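Student: Hi! Could you walk me through this one?
Tutor: Happy to, here it is.
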Amino acid sequence: QHLPLYLDAGLRVYKLGEAAHVDLAEFSLKGKRRANLRHGCSRAEREGLSFELIAVERVPEVLPELRAISDAWLRGHDAAEKGFSLGAFDEAYLRRNPVGVLRKEGAIVAFANLLSTEARVEASIDLMRQSEQAPPGTMDYLFVQLILHCQAQGFQRFGLGMAPLSGMAEHPLAPNWHRFGRLLFAHGENFYNFQGLRSFKEKFDPVWEPRYLAAPGGVTPLIVLTDIAALISGGLR
């Protein structure tokens, strides 16, 4: 809606990727298109997984379990906590929202906090982690259960977040920015699992919408992206 204002201000627009959301009025596990999700849910239940939404007032009770899962997840990925546009494990933050958990034999093996407002237009998740004991397909099952919960609560859509560098133009007149983005999307596994993230979100047959960065031309966009990366990672190394 504000694109003309950015252009009038002398800014250029650079595509960053696409954001996905599930239309909850249309979502169902029935039908051929959702067969893989349906079978995945059945397999998860055979593995003994069960879903529970922890209300805000009960979140402090499970924080020690969530902390143990999160710490182990970070060690297993040799990663540090991120910030800014990515969720980080912060107890004060997690206490503000309900948390969806998956249990196996009574123990929590995966969790994600649920972001929503009383307007009930869109819900989404931010921080999600799973333990080494979680069977394959655990996150698929957790997403499905959260989507179905929000659908039952009357929300309009469920946000799945960004797929960076996806949906770049492929025609011969595509700008260099798009060509670089396609190259990184296809061969940048050492930096980020671009294709894997897109494939995971595709399972839910979402609506994709482009997302852009508006910035001055020249080298400025690279400086801006470097600043954003520093904000997310907590500094430059």
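Student: What do the buried residues of α3 pack against?
Tutor: They pack against β2 (49-54), α4 (91-94), β3 (99-104), β4 (107-115) and β5 (122-130). Helices (H or I, at least four residues) and strands (E, at least two) are DSSP runs, numbered from the N terminus. This is a predicted model: local features need pLDDT of at least 70, side-chain atom pairs count only at pLDDT 80 or more, and totals for chains, interfaces and linings use all residues. Residues are numbered from 1 along each chain as its sequence is written, and side-chain values use heavy atoms, leaving out hydrogens and water.

Student: Which residues of α3 are buried?
Tutor: Val-59, Val-62, Leu-63, Leu-66, Ile-69, Ser-70 and Leu-74; buried means under 20% relative accessible area (1.4 Å probe, protein chains only).

Student: And what comes after α3?
Tutor: Asp-78, with a positive phi near 50 degrees.

Student: New topic: which residues have the most contacts inside the largest nonpolar core?
Tutor: Val-22, Phe-158 and Phe-204, in a core of 31 residues. Such a core is a set of buried Ala, Val, Leu, Ile, Met, Phe, Trp, Tyr and Cys residues joined through side-chain atoms within 4.5 Å.

Student: Which element gives the most to this core?
Tutor: That is α5, with 8 residues.

Student: What does Phe-204 contact, beyond its neighbours within four places in sequence?
Tutor: Its partners (heavy atoms within 4.5 Å) include Val-22, Arg-34, Leu-37 and Asp-140.

Student: How many residues are in the second, separate core?
Tutor: It has 14 residues, among them Val-59, Val-62, Leu-63 and Leu-127.

How values were computed:
Buried means under 20% relative accessible area, exposed over 50%, partly exposed in between (1.4 Å probe, protein chains only).
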